[in-house]
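Please look through the sequence and the model shown here, and then read the short report that follows.

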Amino acid sequence: MAPDLTKLYEAIGYTFTCEALLHNALTRVAYAGENSIPKKNTMDRFAVLGDAALDTVIIKSLLEAGEDDKGEITAKKISLVNMSVFRAIAESIHLSEYVYWGRGEEKTRIWENGRVAAECLEAVMGAVYLDGGMDAVKTVWDKIGRK
């Protein structure tokens with residue numbers, strides 16, 4: 001049974017038009033393999049896209065704030081776009097409660113691994129991009145990235 005996404009929507013400040021995108025972004029490859037779901041309907045490809053979309057939104061916001069030094073832009077982006085930050089955000093919005101985990105992942109509580117939690121957040125942001133574009137990614141980042 002699909003989880004109730006109401007609280008997740010509230011936490012990220014965005015409601016999906018195409019909820020299937022979000023479900024795919026929340027589906028781990030292990031879960032898909034156990035449930036005959038095509039790999040294309042899993043979070044992996046969404047995570048790559050979400051990472052790139054977040055990089056773009058954050059760099060654009062630094063430029064708009066008047067940052068003009070390449071080194072400073074890079075340093076500030078790295079401080080905002082990293083595994084520790086993404087893990088903390090994923091935990092703050094209780095993202096692990098919405099992810100479709102494989103049985104082994106559930107047993108080992110893999111979401112407690114920083115990289116896995118960060119990847120889940122990136123996947124959701126990839127789905128946000130596909131659903132609503134860069135403006136939607138910015139809206140979500142403005143809500144969850146400033147905690």
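## Helix α6 and what covers it

The buried residues of α6 are covered by parts of the chain that include α4 (43–64), α5 (70–80) and α8 (114–144), where helices (H or I, at least four residues) are DSSP runs numbered from the N terminus. In α6, which spans residues 83–92, F86, I89 and A90 are buried, a term that stands for under 20% relative accessible area with a 1.4 Å probe, protein chains only. Seen down the axis of α6, these buried residues fall within an arc of 100°, so they line one face of the helix; the arc is that of the directions from the helix axis to the C-beta atoms.

This is a predicted model, in which local features need pLDDT of at least 70 and side-chain atom pairs count only at pLDDT 80 or more, while totals for chains, interfaces and linings use all residues. Residues are numbered from 1 along each chain as its sequence is written, and side-chain values use heavy atoms, with hydrogens and water left out.

## The ends of α6

At the start of α6, a side-chain oxygen of N82 comes to within 3.0 Å of the backbone nitrogen of S84. After α6 comes H94, which has a positive phi, near 55°.

## An aromatic pair

F86 and W141 form an edge-to-face aromatic pair, with 6.3 Å from centre to centre and 70° between the planes; rings of Phe, Tyr and Trp (its six-membered ring) pair if their centres lie within 6.5 Å, and planes over 60 degrees apart count as edge-to-face. The pair links distant parts of the chain, since F86 lies in helix α6 and W141 in helix α8, 55 residues apart.

Conventions
Buried < 20%, exposed > 50% of the residue type's maximum accessible area, 1.4 Å probe, protein only. Helix = DSSP H or I, 4+ residues; strand = E, 2+ residues; numbered from the N terminus. Contact = heavy atoms within 4.5 Å. Polar contact = N/O pair within 3.5 Å; in protein donor to acceptor, adjacent residues only side chain to side chain. Phe/Tyr/Trp six-rings, centres within 6.5 Å; stacked < 30°, edge-to-face > 60°.
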